[in-house]
Structure formats: structure tokens, C-alpha cells
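Welcome! Take a moment to look over the structure below, and then we will walk through a sheet and a pair of helices together.

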Amino acid sequence: MAKFSAPRGTQDVLPDATPRWQYVEGKLREICKLFGFREIRTPTFEETELFTRHTGETTDIVTKEMYTFTDRGGRSITLRPEGTPPTIRATLEHNLTAENPVAKLYYMGRIFRYERPQAGRYREHNQFGCEMVGSADPSADAEVISLAWTALRSLGIEDVELKLNSLGGPEDRPAYREAIRKFVEPFLSDLCSTCKERYDKNPLRMLDCKVPECKKLLADAPGPVEYLCDDCRTHFETLKAYLDALGIKYVLDPRLVRGLDYYTRTIFEFQTPHLGAQNTVCGGGRYDNMIEEMGASPTPSLGFGMGIERLLLTLEKLGITLPIEKKPPVFIATMGPAAKAAGVKLLSDLRNVGMAAETDFIGKSLKSQMKLADKLGASCVLILGDDEVAQGVVTLRDMLSKEQRQIPVSDVVMALKNSSCD
RNA sequence: GCGGGUGUAGCUCAGUCGGUUAGAGCGCCAGGUUGUGGCCCUGGAGGCCGAGAGUUCAAUUCUCUUCACUCGCCCCA
């Protein structure tokens with residue numbers, strides 16, 4: 001065991017695993033391209049205030065999960081605990097809605113939260129997220145949800161449930177708050193301490209309580225959907241009609257509440273039954289007020305985040321093997337210094353014409369080099385010994401058919417190109 | 001932050017009711033005669049038995065602490 005190990009809640013993605021990551025990331029990018037979402041890359045850290053103010057001061061993320069520190073210049077800095085505020089900050093800072101009032105953006109990056117690690121939950125994880133800035137129309141909601149749904153499908157994940165709810169807008173919230181408070185009041189003292197706290201600060205989130213007693217007491221509590229204003233109701237109904245038209249199945253969950261304070265109207269989660277307690281693979285919703293709260297003119301927006309680790313975990317649990325193609329290399333086996341020199345040159349020649357080429361670097365015997373070639377999945381082996389060097393040829397062995405023939409060095413590239421080796 | 005489980009070779013795991021050189025399979029390395037892979041055979045390397053402390057003549061095995069992973073709660077991606 002080495003002296004150091006990866007910090008708690010972080011993980012090394014080893015070479016055996018990176019192809020899967022690359023495949024998934026590539027697929028997601030492909031889908032984004034199809035949907036016209038363009039990539040944005042924002043800093044790994046931001047001013048702390050961006051999150052305390054916009055993620056929400058009462059959220060768990062802000063109150064107990066942020067990696068916050070003071071830098072050498074005395075600034076309070078926070079490793080981003082979520083992707084939305086940074087993306088919106090950048091959108092506004094560079095006025096990305098100037099050319100087109102609707103900005104469609106996506107990001108892939110590391111997210112940091114100080115939490116207790118668990119399967120599918122890390123202190124540093126990778127998130128793919130989309131933000132659609134500048135549209136209040138339900139078709140935008142459908143666009144974003146459709147993108148997430150398509151992305152999951154493109155990876156072969158069909159066993160997911162889309163949970164949908166609407167929280168209403170700021171106009172509806174006071175009425176709803178009052179309603180749920182009124183409902184809860186008679187037995188407020190029987191609720192857990194978190195609920196009591198939420199009663200004051202954010203009554204909506206009482207619905208989210210997992211304590212059995214609270215769940216029971218709150219079973220018949222009114223949901224925010226029941227208090228939607230006409231506009232919000234129409235918005236929600238229209239979205240549902242769009243999803244129906246798209247053939248995207250959803251389950252209405254009037255109790256769905258998300259842990260970020262900024263959501264308005266539509267919220268949604270894609271859940272899989274394969275991740276244990278961490279069943280949300282993708283979550284998002286509308287945040288129509290955030291941009292105004294950042295000091296810009298009101299700009300309705302929405303987006304989602306998708307956890308790459310959870311995606312990979314789900315794929316694994318489902319037994320989905322990704323179509324990862326590997327390019328078999330041509331292996332160059334050499335014996336003796338002269339052949340080695342010729343081999344080094346040959347290696348480079350092959351790569352220069354775009355052929356993957358490998359060789360031995362520790363002076364193995366020919367037999368061992370052949371074994372190595374086999375292990376690397378080489379399609380062909382070029383054998384170079386004193387005989388070949390003297391004659392200016394190389395021996396080309398086809399690893400599948402075991403056929404061997406000698407060809408002039410000058411014709412090697414051509415011969416390989418015309419063979420099954422490339 | 002709270003509760004349960006686990007921690008032995010690169011990997012998957014045996015094992016020790018406390019006792020001398022800690023095992024298997026896979027992987028790795030090397031051989032099985034002259035310059036050739038996948039199968040087979042033989043040999044080899046590789047472990048402070050997660051870390052620290054305690055009990056003991058003796059600890060990988062018992063106790064405590066700590067760290068990490070894991071499951072549940074919480075929260076979320």
C-alpha cells in the first residue's frame with residue numbers, strides 16, 4: 001500500500017475505465033449537438049456568495065456541504081457545489097443572450113460537496129448539465145426534458161422513471177405556504193425538528209421529509225400543484241401535452257420537491273431503481289427568478305444536472321456493455337540492436353500514416369514479445385531480426401491466420417494498408 | 001452529522017478457536033533447447049494480513065482508537 005491514497009469521497013478513474021467515461025461523455029456531447037446546446041466551461045471555483053445567494057441559504061448544500069476557503073488575497077472562494085449558478089453567472093457576464101435571446105448551454109465538469117460518501121455519492125463527482133436561458137414557454141421545458149430523456153436512451157437506459165411536478169411561481173407560493181402551514185398546524189408539535197424548522201423557513205420542503213411519522217401526518221397535505229395560478233396551471237398542462245406528444249412517459253409526483261431553493265414551476269427527476277438510495281440520475285427544473293435575483297432583467301430559464309458516475313453505475317447494474325471500439329495495433333518485434341533501430345523507425349512510420357503501432361520496451365525475448373503482441377490484441381506482428389535487416393525486409397505475421405511472409409521494408413506501410421491489419 | 005457491515009498479494013477471495021516459513025484462483029515474470037502468441041506444464045516475484053495503541057511469553061487473529069470502503073438515514077447528481 002502506498003503512502004498516500006485518494007482523499008475521502010474521491011476516486012481515480014483508471015485506464016481500464018476511462019474508455020467508458022469517454023464513450024458516455026461523447027454520447028452526451030453528440031446529443032447536445034443534435035439539440036443545439038453548446039458547451040460552456042466555467043471555473044472550478046467561484047466567489048462563495050454566488051452560491052450562498054443563489055443556490056439558497058437554507059439549502060443543505062450551502063449550509064453544510066460546501067468546500068469554502070479563503071484564498072491568499074482574502075477572498076472567500078467555493079469549489080462549485082452545483083453547475084447552474086456558475087453557468088448563469090457566465091451567461092450574464094458575457095451577455096450570451098444578446099445575439100439570440102435563447103441561450104442553450106451545456107457543461108461537463110467536476111462538482112464538489114462535502115457529504116458522507118456512499119455508492120453513487122462522492123465528494124467530487126462529475127456532472128453533465130444543460131441550461132436553457134431565456135424562454136418561459138413550456139416548449140422549452142419539453143426541450144430540456146426531451147434532451148435528458150434522449151441522452152439516457154442513447155446510452156441504453158430505458159428503465160428510468162421521469163417524476164414531474166410543478167411548484168408554481170412566486171405569485172402562488174404565499175397562498176400555498178399558508179395552506180400547508182394551516183394543514184400542519186394542528187399537529188406541528190408532533191413533527192420532527194427538521195420539519196418544525198422548515199415550517200418557518202421553507203414549508204414546502206416538509207413534503208420532502210422521510211421520517212415515517214412525518215410522512216404519515218403529511219400524507220394528505222396539499223401539494224403545490226393544487227395552488228397553481230392560472231398561468232402556471234396552463235404552463236404545466238401544456239408541458240404535459242408536449243411530453244405526451246413526444247411519447248415521453250412521466251409520473252406526476254405532487255410531493256416531489258427539490259433541495260435547491262431557486263426552483264419555480266416545473267421540476268423533474270429521472271430515477272432508476274438500480275442505484276439504491278441514490279436513485280436520482282438526473283434532476284432539474286425551472287428557475288425563472290434567478291437571473292433577476294442576480295441583478296439582470298428577468299429571464300425565465302431552466303436546466304438539469306446529470307451525474308456521470310451514477311450514469312456509469314446504472315449502465316453497470318443494467319449490464320449494458322458499451323460499444324467501445326478499440327483499434328488493434330500492429331506490433332513490432334525485434335531482435336538485436338540493429339533490428340531495434342529499424343523497429344523504432346518503423347514504429348514512427350506506421351504512426352505517421354495513422355496506424356496504431358506498439359513494440360517492446362524492456363528487451364523481452366521474441367517469444368515474450370509475441371505474447372505481449374497477443375495480449376495487446378495486435379492484428380499483425382512485424383518481426384525484425386538480423387536476417388531481415390541484412391535483406392532489407394521484415395516478416396509480416398498475421399496473428400489470426402498465422403500466415404507469414406517477408407516484404408521489403410519500403411513496402412511495409414503499403415502491405416499493411418492492403419491487409420487485414422489496418 | 002447518526003447507525004450497521006467490511007478492510008489479508010495487482011484483482012477476486014480463503015484462513016488463523018492467539019503460536020514457528022500466511023494460502024488459492026486469476027494476473028504478472030521466466031523457462032519447456034536453435035528467431036514466433038493464444039492451450040498446457042514447470043518455476044519465480046509479489047503481502048509490516050488498512051494504520052496506531054493496548055492485553056499477552058506470543059497478535060493478521062482479542063480489545064480500543066483511527067482511516068477508508070460499503071449499506072441505511074439525511075441530502076442529492
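Glu46 stands opposite Thr78 in strand 4. Keep in mind as you look that this is a predicted model. How many bridges join strand 2 and strand 4? Three bridges link strand 2 to strand 4, and the two strands pair in the antiparallel sense.

Stepping back, you can find an open sheet of three strands with antiparallel pairing, in the order 2-4-3. Strand 2 and strand 3 stand at the edges, each with a single partner strand, so one side of each is left without a neighbour in the sheet. On average, neighbouring strands of this sheet are turned by 30 degrees against each other, direction ignored.

Here are the strands by their residues:

| Strand | Residues |
|---|---|
| Strand 2 | 45-47 |
| Strand 3 | 67-70 |
| Strand 4 | 76-79 |

Now for the helices. Two packed helices are described by the angle between their axes and the distance between the axes. Helix 5 (residues 138-154) packs with helix 9 (residues 230-246) at an angle of about 45 degrees, and their axes are 8 Å apart. Helix 5 and helix 9 are therefore oblique to each other. Their crossing is right-handed.

Which residues meet where helix 5 and helix 9 come into contact? From helix 5 come Pro138, Ser139, Asp141, Ala142, Ile145 and Ser146, and they meet His235, Thr238, Leu239, Tyr242, Leu243 and Leu246 in helix 9. The residues of this contact divide into seven nonpolar, four polar and one charged.

Definitions and conventions
Residues are numbered from 1 along each chain as its sequence is written. Chains are lettered from A and ligands numbered from 1 in the order in which they are written. This is a predicted model: local features need pLDDT of at least 70, side-chain atom pairs count only at pLDDT 80 or more; totals for chains, interfaces and linings use all residues. Axes are lines fitted to C-alpha atoms, for helices over the stretch in contact, and angles run from 0 to 180 degrees between N-to-C directions. Helices (H or I, at least four residues) and strands (E, at least two) are DSSP runs, numbered from the N terminus. Angles under 35 degrees count as roughly parallel, over 145 as roughly antiparallel, 65 to 115 as roughly perpendicular and the rest as oblique. A crossing is left-handed if the near helix is turned anticlockwise from the far one by less than a right angle, and right-handed if clockwise. Two residues are in contact if their C-beta atoms, placed from the backbone, lie within 7 Å. Ala, Val, Leu, Ile, Met, Phe, Trp, Tyr, Cys and Pro count as nonpolar, Asp, Glu, Lys and Arg as charged, and the others, Gly among them, as polar. Two strands pair if DSSP finds at least two bridges between them.
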